[in-house]
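Thanks, everyone, for making the time this morning.

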Amino acid sequence: MAVARGEFSSKIGFILAAAGSAVGLGNIWGFPTNTAMNGGAAFVFVYLILAFCLAYPALMAELIIGRHAKSNAVAALSGESTKVPAARPFGFLVGITGIITAILILSFYGIVAGWMISYMIEPIAKMAGAPKAAEWLTDTSSTARNVFFTVLFMVATVYIIIGGVKNGIEKWSTRLMPLLIGLLVVLIIYVAMQDGAAQGFKKYLLPDFSRVTDPELLVDALGQAFFSLSLGVGTMLVYGSYIQRNENLVKLGTMVTLIDVGIAFIAGLLVIPAMYVAQAQGVQIFAEDGVTLLKEDTLIFQVLPQLFNTMGATGLVVGCAFFFLMSIAALTSSISLLEVPVAYAVESLKQDRKKSTIAIGSLILAVSIVIILNFGMLFGFVITLTTKYAQPLLGLCFCVFAGWLWHRNDILNEVKEGHPDAENSLFWKIWPWYVKFLCPLFIAAFFAKSVI
Ligand code: TRP
């Protein structure tokens, strides 16, 4: 039985869904944390360059391949459009590895997103006069609490994905993003008025250029850029496949990149100064050496609550709103991760959407629970494996497909849909050779550096 494929109903629907996928814990938790651990503005500087020069071209490769094939990553890379037949099994492998990576990413993402929900409820518990419950809600070491909120978050993710593209993904993504930006801006203004903020702004905005060639910083920045734009696992390829043919892909991809990078930058503008404000108030943030963060979750779960505390009763409402919006941002990202295996199961394996969503969601939840039960050993390991290694390497493979293994004419014709003048555009003058030579080369060089 041929199943009709879903599509985004409008340009704005796609932009919000793809931006919803891109904007998530990576922007507001990952980016500031990486910035703090890599010495501040030097990291921001390198990140901005890599996001636009490496991640953006790779994003375009995924969007173009996706809309041309109108299918999931596995089918797209192992199908007819791959002009070298011998490369099709390789395409299959890349697609499947992407699916496994998406599953693993979602399994740790769901845990962190669960914390966001519990921190959202904590102020409510406080207001309701239940300090014991509030304490439990923020107790990182409680397995019961971690499992409970991860389950809750995964159930929400599964529920939305069962709804499909228009009723599920699009409807949710168009709702709350603007609110998140508004709240971030208000909080930045508040932070700027506190003692210690000036030092934070300096740290964030004035780069120490001697650090920009630090190999660890480079690898962290590349991984962060790929994670933030949801690259390498087929998320953007699948979303690209849901874009209507009359839309201009170049414009859409550029918008999504600008929104994603912009929100990460704004989040840093809040979190880094807030960190110095908290320090001025006596909260210990860095370990003895003065550079390593005490804990990876310090910034979001200690520094920001500390900031909200200084606002008195208003702080409870602000804290609740902030973590609510974080939960929503995580949700519009997690649905894009779950859609990767689901699209494959539905289209290529001809499974029922509802049944496969529940089955795959349960599998991911099982992996999450294994991680929670072996937290010290697995949590960091899975994050490093997927974001520092798998994602850039898979991104490289997508560039190789777009640059070497697909018919150039197919790609040009696809870009021309919704953008008739594409052949004479700046994009088409640069991008084809850029993804063919420079992107794979740079990514490979970075990768080699991180292994050595
Ligand atoms: N980009 C999202 C964030 O910043 C997370 C995400 C969604 C993702 N889909 C992805 C990361 C696919 C890697 C691959 O939070």
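Predicted model: local features only at pLDDT ≥ 70, side-chain atom pairs only at ≥ 80, totals over all residues.

Residues are numbered from 1 along each chain as its sequence is written, and side-chain values use heavy atoms, with hydrogens and water left out.

Helix α7 covers residues 143-162 and helix α14 residues 313-347, and they pack at an angle of about 60° with their axes 9 Å apart; axes here are lines fitted to C-alpha atoms, for helices over the stretch in contact, and angles run from 0 to 180 degrees between N-to-C directions. Helices themselves are DSSP runs (H or I, at least four residues), numbered from the N terminus. The two are therefore oblique to each other, given that under 35 degrees counts as roughly parallel, over 145 as roughly antiparallel, 65 to 115 as roughly perpendicular and the rest as oblique. On the α7 side, F153, A156, T157, V158, I160 and I161 meet S327, A330, L331, S334, I335, L338, E339 and V342 of α14, where contact means heavy atoms within 4.5 Å. By class, this contact has 10 nonpolar, three polar and one charged residues, with Ala, Val, Leu, Ile, Met, Phe, Trp, Tyr, Cys and Pro counted as nonpolar, Asp, Glu, Lys and Arg as charged, and the others, Gly among them, as polar.

Turning to α3 (residues 41-69), we find that it packs against α18 (residues 426-451) at about 115°, with the axes 9 Å apart, which makes α3 roughly perpendicular to α18. The crossing of α3 past α18 is left-handed, and the contact between them has 16 nonpolar residues, with no polar and no charged ones.

Finally, which residues are closest to the ligand? Of the 17 residues that surround the ligand, the closest are A22, G26, Y109, F227 and Q391, a residue being near if one of its heavy atoms lies within 4 Å. A backbone N or O atom of G26 lies 2.8 Å from a ligand oxygen atom, and a polar side-chain atom of Y109 lies 2.6 Å from an oxygen atom of the ligand.

Definitions and conventions: Left-handed = near helix turned anticlockwise from the far one by under 90°. Polar contact = N/O pair within 3.5 Å; in protein donor to acceptor, adjacent residues only side chain to side chain.
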